[in-house]
Structure formats: C-alpha cells, structure tokens
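Hi everyone, thanks for coming. Let me put the structure up on the screen, and then we'll walk through a few spots together.

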Number of protein chains: 10
Amino acid sequence: MPSPNLLECVPSPTDSPFIIEHIAEEFTSLCPKTGHPDFGTVTLRFQPRPAKAGGLCVELKSLKLYLQSFRTEGIFYEAVTNTIRDHLAAAMKPEWLLVKTDWKGRGGIRSIIRAEFGEVPASWRA
Amino acid sequence: MPSPNLLECVPSPTDSPFIIEHIAEEFTSLCPKTGHPDFGTVTLRFQPRPAKAGGLCVELKSLKLYLQSFRTEGIFYEAVTNTIRDHLAAAMKPEWLLVKTDWKGRGGIRSIIRAEFGEVPASWRA
Amino acid sequence: MPSPNLLECVPSPTDSPFIIEHIAEEFTSLCPKTGHPDFGTVTLRFQPRPAKAGGLCVELKSLKLYLQSFRTEGIFYEAVTNTIRDHLAAAMKPEWLLVKTDWKGRGGIRSIIRAEFGEVPASWRA
Amino acid sequence: MPSPNLLECVPSPTDSPFIIEHIAEEFTSLCPKTGHPDFGTVTLRFQPRPAKAGGLCVELKSLKLYLQSFRTEGIFYEAVTNTIRDHLAAAMKPEWLLVKTDWKGRGGIRSIIRAEFGEVPASWRA
Amino acid sequence: MPSPNLLECVPSPTDSPFIIEHIAEEFTSLCPKTGHPDFGTVTLRFQPRPAKAGGLCVELKSLKLYLQSFRTEGIFYEAVTNTIRDHLAAAMKPEWLLVKTDWKGRGGIRSIIRAEFGEVPASWRA
Amino acid sequence: MPSPNLLECVPSPTDSPFIIEHIAEEFTSLCPKTGHPDFGTVTLRFQPRPAKAGGLCVELKSLKLYLQSFRTEGIFYEAVTNTIRDHLAAAMKPEWLLVKTDWKGRGGIRSIIRAEFGEVPASWRA
Amino acid sequence: MPSPNLLECVPSPTDSPFIIEHIAEEFTSLCPKTGHPDFGTVTLRFQPRPAKAGGLCVELKSLKLYLQSFRTEGIFYEAVTNTIRDHLAAAMKPEWLLVKTDWKGRGGIRSIIRAEFGEVPASWRA
Amino acid sequence: MPSPNLLECVPSPTDSPFIIEHIAEEFTSLCPKTGHPDFGTVTLRFQPRPAKAGGLCVELKSLKLYLQSFRTEGIFYEAVTNTIRDHLAAAMKPEWLLVKTDWKGRGGIRSIIRAEFGEVPASWRA
Amino acid sequence: MPSPNLLECVPSPTDSPFIIEHIAEEFTSLCPKTGHPDFGTVTLRFQPRPAKAGGLCVELKSLKLYLQSFRTEGIFYEAVTNTIRDHLAAAMKPEWLLVKTDWKGRGGIRSIIRAEFGEVPASWRA
Amino acid sequence: MPSPNLLECVPSPTDSPFIIEHIAEEFTSLCPKTGHPDFGTVTLRFQPRPAKAGGLCVELKSLKLYLQSFRTEGIFYEAVTNTIRDHLAAAMKPEWLLVKTDWKGRGGIRSIIRAEFGEVPASWRA
C-alpha cells in the first residue's frame, strides 16, 4: 500500500540550486471501478532545498519500491497524481515539485495529469 | 445529439491547483455541407476549482459518450470547438479550460481550432 | 448498408501487370456487442487483370462511399475484413487482392487483420 | 491570378476569442527567375474579431481555390508570404494573423518566412 | 493464475485463409527471482483453420483477462512466451501461430522472444 | 505535354550490373475530373543494360523537365504511372524498371501505384 | 575565401516586420588543426529593416556561393559562426539576426553555436 | 577480461524451436590503437537446441557481467563480434546464433558487424 | 580521476555575446553502490565572457579527455552533474553555464539532472 | 585524387564468414557540370574471404582518407559508386561487396545508387 514511509531521502549534495527529473515509464495501478489495470508514465521534477538548509533528494531504489506499491491499489488517475505529490512533498520539502502522470488511456481517451508544490524556479522558466 | 446533460462531473479531489488533460483521438462528426464524415482529435485541458470551492472534474465515461454524440451531427469545425468549450465550462465551471480540435483535413488543408475559458494558470505558462 | 452495388469499376488502363494500393485512414464502424465506435485504417492492394482480359479497377469516389457505408454497421473486425475482400473480389475479379485492416484497439489490445484473394504476384514478392 | 476577390468569408460563430489554424501542405508557385516550380507548406493562424464586432473567418473552399491561384504565378517566397498576409488581413480584418511559408528548398538551402498582422493574443503566448 | 480455461474461442467466420494479429502493449508479470515487475508487449499472429474445418479464433475480452492473469505470476520471459503459445495452440488449434514478447529490459539489456506453432502460411512469406 | 522526346539519356558507365533510384518528391499533375491539383512522389528504380550492350541512363535534368511537364496535364494516377513507365522503358530499354507513385490523397484515401518493365534483378531480391 | 563581397542583397519587399529563415544543411569547412573536414547545418534567422528604411534581404544564390566559400577554409566552429554573423550583419544591417551552426561532431561530442546581432523582435518571443 | 567462464547457462525450457534476442545498448570497449573508448549496441539472436537434446540458454545476469568485462579491453570491432560469437557458441552450442554489433562511429564513419554460427532457422527466414 | 586540471581553455573569439553547446552522447561512469556502469549524455551550454574581459571557452579535445576521466569513477548522477558544473565554472568563469545529464536509467526509472551557474542570458530566454 | 593506393587492408580475423558494414554520412564531391558540391552517404557492406584464404578488410582510417579524396573531384553519382566498388574490390578481393550511395539531391530529385561485386551470401538473404 502506497505510504510516505516507503520513501527514503538522502541529503542534497550542494547549496547551488539544481533540478532533478525522474521518469518512471513502467507504472501500473488498478481502476477502482472495474479492477482492470491502468498503465502510465510517472514523471517527477523537483528542486531540492540547499544542502545547508537540510535539502533532501528522494533515493532512487526507495522511489522504485514506492511506485511499485501502487500495483495492487484501486485508485483514480487524479488521486495517483495528488498522492505522489503529497507524499514526496512531505518527504523532501522541496523548493519546487511537479508530478506528471501520462496514461495509456481507455476507450479512445488518454489523459495527462499535472500537480505541483511550491514555485517554479526562475531558471526552469527560461 | 450533443447536450451538456450528457456530461457528468465528480468533485475535484484536492484544494491544490492541478491540471488535467484528456486527449480523444477517435472523434468524428459530419460536414454540414456535404454530409461526409470529418475525423479529428479533441484535446481538453483544464484546472478545476479547489475542492473546497466545489470544484468539479468531468467523469471520463460520460465524456466518451458526450463526444460520441457528435457522430451523427452535421456541424462545422469551429462550432464543434466552441460547443464543447461552452458545454464543459457550464458543467465544470473550471478555473481554466482549453479545447483544441485537430482535424485530418480535406482538399489538402488541415485545421486546428483552439477555444478557451478563463485565465491560463501561472504554472502552465512556465 | 455495405453492398457490392456501391462499388463502381473502371477498365484497367493497360495490359501490363501493375499494382494499386489504396489506404483509407478514416474508417469507422460499430462494435456489434457494445455499440461503441471502432476506428481503423483499411488498406487495399490489388493487381487488376490485363485490360484485354476485361481487367477492372475500383473507382475511388465509389470506394469512399462504400467504406462510409460501414459507419452505422455493427460488425466485428474479422467480418469487416472478409466482407470488403469478398465485395471487391466480386466487383473487380482481380489477379490478386489483399485487404488489411488496422484497428486502434480497445482495452489495451490493438488488432490487424489480413485477408487475400488470388495469388501474390511474383513482382510483389521481390 | 491571386486576388483577394477569391477569398470568401463567413461570420465568426462566437464572441469568445478563439484561434484558427489552417495548414496547406500542397502549395506550389513558380520561381520568377527560372520558371521552375517551388513547393511548400502555407500555415495561417488567426484570431477573428468577436461575432458582435462583425468578426469574419475565411471559408475553407475559397481558401483552397485562392491558394491554387498561385500555381501559375512567378513570385518570390517573401512576396508569396506578404501577399497572402495582406489579402487575408484585408478580407477578415482579424485581431491577429500569422502567415508562415515553409519551402522545400533549392540548392541545399530551405527557407521559412513568417509575416504577421496585429498583436499576438495573450492566450497564444502562454 | 494463467490457464487455458480463461481463453474463449469463437468460430472462424470464413473458409478463406486469413491472418489475425493482436498486439497487447500493456503486459506485466513478475520476475520469479526478484519479485520485481516485468513489462512488455505481447503479439499474437495466427491463421485459423477454415470455418468448415471447425476453425476457431480467440475472443478478445477473454484474451484480455487471460493476459491480465500473468500480473501476479512469477515467471521468466521464455516461459511466458512458451506458455501463451501452448495455451493458445491448445485452444484454437490454428494452422499457424506466432507469439512474440518484447520486454522493456533490465540492467541495460532488453529481450525479444518468439515461439511458433505450425507452418508459416505461404501468403505471409510473400 | 509529357513526351518521351523530353527524356535525354547518357551511356551507362559500366558493364557491371548496378541499380539507380531517383526519387522526385515534388510532383504535381491535375485531376482530369475536377481540375484540382494532385501532389505526389515519383520513384524510379532501374538497372541499365551493360555499357557494351549500349546501356543507357536517363539524364537528371531532362528527367526533371519531363516530370515538370505533367504540371498542366489532366491525368489519372494510374495513367501517370504507366505513362512514365512506358516513356522511360522506350528511352532507356533497361534490364528492369520500377515506377512507383505515392499520392497525398483525397477524401481520406491515399494511393500508391507500382508499374514495372522487365525482370527484377536477383541482387535486388536479396 | 569567405568575404562579405560574395553576399548580394535585394530590397526588403515590405514595411511590415517579417522574419526570414534560411537553413543550409550542406555546409562543410576544414578543421584548422587537423585539416579534416567538418560538416554541419547553418541556420540564419533575421528581420530586415522596413523597405522605407532601406531594408535589405540576402539574395539566395549569393548566400549559397558565400557558404560554399568555406569549403576550403581551415576555421573553428566558433569562428565560422561569428564570421557569418558579422558578414551578414554588415551586408543587411538587419533589425535582428541569429546565426546558428549545428555540427555533426567529432570524438563523440557534437556542438551547436549561436551568435546574434540586434534585439529579438517581440513577435518572435511569442 | 572477457572469458567464456563468465557465461552461465540454464536449460532450454521447451522442445519446440523458439528464438531469443537480447539487445544490450550500453556496451563499451577500448580502441586498441588509441585507447579511446568505443560505444555500441550488441544484439544476440539464437535458437537453442531442444530441451531433450540438452539445449541451453545464456542466463541474463551472467551475460550482463560478461559484456561488462569488455569495458577495459583494447579490442577491434571485428574481434569483439567474433569473440562474443565464439564464446556464446561454445557455451550454448545453439542451433543458430547471430551476433551483431552496431558502433556509434568515429571520424564520420559508423560500423555494423555481423557474425553467425549454424544455420538460420526456416521460421526466421519467413 | 576527474580534475579541473584536465580542462584547457582558449580565449573567446569575440566581444559579442554568443552561446556554445557541446553534447557528449558517450558518457559513462560507475555506480558507487553496485559498481555497475552508468551511461548517459552530458550537455554543456554556456555564454563566455567577452574577449576583452578575458572570456574563455573550453577546448574540445581536453573536454573529451576530462569526460573520459569519469569512466572509472564511482559517483552518483547528482555528483557527476554538480562536479562538471563546478569544474567548468572554475575553468571558464562564464557568464552562464548549464550542465544537463540525461541517464539511460536503471530499474525502469531514467533521470535527468540540471545544474546552472550564473544568469540565463536574455537572448536564450526568447 | 581517389586512388586504390589510398586503401590499406588488414587481414580478416577469422575463417568464419561474417559481414562488415561501414556507413560514412559525411561524403562530398563536386558536380562535374556545375562545380557545385554534392553531399551524400556512402555505405559499404562486404564479406571478406576467410583468413586462411588471405581474406582482407579495409582499414578504417585509410577508408576515411580515401573517401575524403573525392572532396575536390568533379564526378557523377554513378561514377562515384562504381569507382568505389572497383577500388575496394581490387583492394580486398572480398566474397561479396555492396556499395550504396544516397545523395541529398538537387532540383527536387534525390538519388540512390547501388553497385555490387560477387554473390550475396546466403546468410544475408535470410
């Protein structure tokens, strides 16, 4: 069952602002209505706080196990996206976090959901 | 016959702003002049109001049936786009809504129509 | 309703063997079980008989109207493919005919069906 | 011979701002120096004035015939682009119009020309 | 648990030889060593026996449920491929069957496995 | 007006068999029914006879002018293909010639026509 | 030898601001260290001054010959880019000019260099 | 140092002929002349002997470690390809084995090397 | 071992602001946890200071050797990115520097890391 | 000036048949009529004789210099192709050699020329 406890973090390696993006193309959960599997890609993009401010980055292996924990969950697209945003924001307290889920679709309609935490950094806007 | 009554909505799951995109690549309607079928892709992109403000999201199955209701309608590209915008804006009262239709074209000319409701959110501009 | 009577033919313009391919990317019919629309691409590839043997080629506008007649038909993928093969083989009596239908899919599975009439010409095998 | 008289317009269907794009991939004119044919893609993108302000949209069939009228014209890339901009701006008096021509090129150099009329709408900038 | 009992068949609609291909891009099973999920695409391609000989085609919905039954199985790539081949060959007794699995890979190596039943039809070789 | 007199040939430079392919992506002619322009790609592929047997290759500039001569012709797809095949076969008397025309299509159907002269060389089959 | 004297200009055809892009995909010069050839794509993008202000556009054939004059020059990537920018800025005195060179690379590293003259026009920023 | 001892095999799971392909896109070795790294993709494609004849398949993790052992080897493209073919043929004694290496290239030339062991199976030729 | 001493610089050739991008698609280092190799693409994008201010550009061959020095380093993605940023910033003291690393990924997750030095130039934002 | 003397060969490393392909995407020569540069890709594909029969492979650096020697040659497409075939066949005396040149084209027509020496090996046909 997805839980923030599955997420481990490591200290940010620098005080300089930088941006990390993880793209997990092998995500699957279950439709809570039909029980049929949903497949999608989950993208995380975040700027950790500076090292001196206790900045944290999610550790990759724990992220993999966390994302795998959705495999047996019946959960809607929107809830997947907001849940991951909330769990990661709580774990890392980042300057900025974007979670994007991109679903293969059902019945001829495919969906993309984006949820954010914090302010888009100026350097990303450029 | 396309009608806002076909659109069902579910409550937005969060107070945090987030953006939903639905892409329906199997849209077809009829040319009102010739009766020949038109084919295209319909993209919806919207930010619901916060949950606490009664924010709503269109339900996917009702959206599919709503889009299928154009199958026997004789209607121009521009009217398809503005009609979907008006019906969805009325049903969801979203912060922002973009409807884009992308048509396969006739006589060597293909067309893309975009209609909006509300203000583009700052996070999308980034 | 799909009928071979919708197909008009014109005489083959030459005694030399040649191969014609028509690709209709805007095909739609209805699922006979659910009534939901199916979308696909229909490809015809054929070698007409020589002009001196009364060879015939399907006329393009009649082909378009014939394919449009499936729009309101409830019919399975396999039946669409074999029906088009039978109707065109009856109308043109070609040396060779291949009908391929390539469907956008449902429930995460997409399908391709191929039906043939006559022998593949040696020149195509090369 | 290209003339604004070939362009017919229909009333804009709405007071809401929206954006129309027509992409004609089968454009050809003649090089005024060599007489050899030039091939390119012509893209129009415009926001009509609101319906209540007498907003107009170019009618698609007249646009096709207008673009075909360049087939026998000896005219440079830049002149094609500016001529289409001037004729369409005169016919539709739009809020904004962009004309882009994208040429297949000669002698290893291909060219893209963009001409505009009016102000880019805020929603497009997003 | 994957079982041939999950596969339902319908009679082949014709005596003419034809070829059916189903492509399931949302397949997942579990690595029997590590328990981590594997993701891949499963392609079936087969020629049913003629209708008059009792030819059968796998029914699409039962195929979907059959493929979903691997979701909780710990099973190697090669066994997935040979198992599907054996189950489908037993269920349909086709003239020809090819099962191809195409895996996203692990540790920088991705794999493709192909298993067959019966003889490749002459028309496919062309 | 298209005529074999527009085609100039140069002697084949070698006795060794070799294969030449010319791909003209900027071909246009007129529909004889509607007068509207057709656009397509013309591919020639041929093996000239050996130099010592008087082998000939079509000269590129004359080929360009020959293909441009179709610009004002009202002529069907099939006739374009067979005419080019006949004119080039008469001019070069090659061992083998394939003419393929690939048309952008009308009304949602695009077409590919192939006409040949002589036998496909063994080396091409490989 | 590359020289601004090779560049001929023609008057800008209009007072309206517009943007011209020329893309030369067949550029080659020599590495000044090793003498080995470098290959790349040169893109020019500029807004000429208005016609009434004596605006000028580089003539295409002279541009081709100018770019060919680098074929025997030993010159670094950065110098190619800045030289072309300087020569074209001197010849056309444009409102804005961007020169981008995109090199196929050596030793596993490929490079892109951008040099500008003047201010990016507001319409391009949109 | 690359050695056949690094390759572990598991028994083939079936008596039916089937074909396995492993594609390693992250291969690197060293140029024996310059010491600079080479990068490429290594593809293995093989048909194991039947299970009852003691057929063997290379185990994936040992294959990964075996391919990594080339990381510090100074070795030419051709030798990499033939060495892998020889080591795998000795370890698996397969019915058929194809080793293909596809290199990113140096100095504007990229290379592909193919080495085989045994006879191409009839089913692959189809 | 990666060291700023491996980086040689040459004077910037101009006082005009310009932007240089180097893309190294053949980068490899080692995972400090498992010792397994990581593969990725390293992109540098920078604006040197003006020549008159002592602006410097990294020399390409020294950059290649510098990047190769990571081949035997056990180092995390984030540290690779920040280390290259720090070393290049120290060596060139550029107006702006962006280092982006794009990794092939492990366990179904691929990563992109971006680190910057200085302010994004206005011309790049356009 | 292109000469077989520029081509150096190394002994084939094995008695087993194998196939080598070199793809040079940065080839340029001059049009003998106009003096303008031609650009193309040259592909060599060959099977050397067995090592014990004195089999030879062209050495890569000498191949690069040989291909560069065409940079100042005025020579037609067909002659480039047949010359390279003749020079390489004389230098390596391979079992099989294919030379393919793929030209960027002029005046809207691009060309591909293929010349061979010896028999296509059975394994390649598969």
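Here's one to start with: in β2(I), which residue is the bridge partner of A115(G)? Have a look where chains G and I meet. The partner is F18(I). Before I go on, please keep in mind that this is a predicted model.

That pair belongs to a longer run of pairing. Strand β6(G) and strand β2 of chain I, residues 18–30, run antiparallel and are joined by 7 bridges. Stepping back to the whole contact, chain G brings 17 residues and chain I brings 18. On the chain G side, the elements that give two or more residues are α2 (77–92), β6 (109–118) and α3 (122–125). The biggest giver there is β6(G), with 8 residues. If you sort that side of chain G by class, you get 7 nonpolar, 5 polar and 5 charged residues.

Now let's turn to the other contact I'd like to show you, between chains A and I. Here 18 residues of chain A touch 17 residues of chain I. On the chain A side, two or more residues come from each of β2 (18–30) and α1 (60–68). Strand β2(A) supplies the largest share, 9 residues. By class, this side of chain A holds 10 nonpolar residues, along with 4 polar and 4 charged ones.

Strands pair up here too. To find your way on the screen, look for H22(A), whose bridge partner in β6(I) is S111(I).

Last stop: a backbone detail. Most residues other than glycine have a negative phi. So what is the phi of K93(D), positive or negative? It's positive, near 45°, and this residue is not a glycine. You'll find K93(D) in the loop of chain D between α2 (77–92) and β5 (96–103).

Chain H gives us another example. K93(H) also isn't a glycine, yet its phi is positive, about 45°. In chain H, K93(H) sits in the loop between α2 (77–92) and β5 (96–103). With 17 other C-beta atoms within 10 Å, K93(H) is partly exposed.

Technical notes
Residues numbered from 1 in each chain as written. Chains lettered and ligands numbered in written order. Predicted model: local features only at pLDDT ≥ 70, side-chain atom pairs only at ≥ 80, totals over all residues. Helix = DSSP H or I, 4+ residues; strand = E, 2+ residues; numbered from the N terminus. Buried ≥ 20, exposed ≤ 12 C-beta atoms within 10 Å, placed from the backbone. Contact = placed C-beta atoms within 7 Å. Nonpolar A, V, L, I, M, F, W, Y, C, P; charged D, E, K, R; others polar. Pairing = 2+ DSSP bridges.
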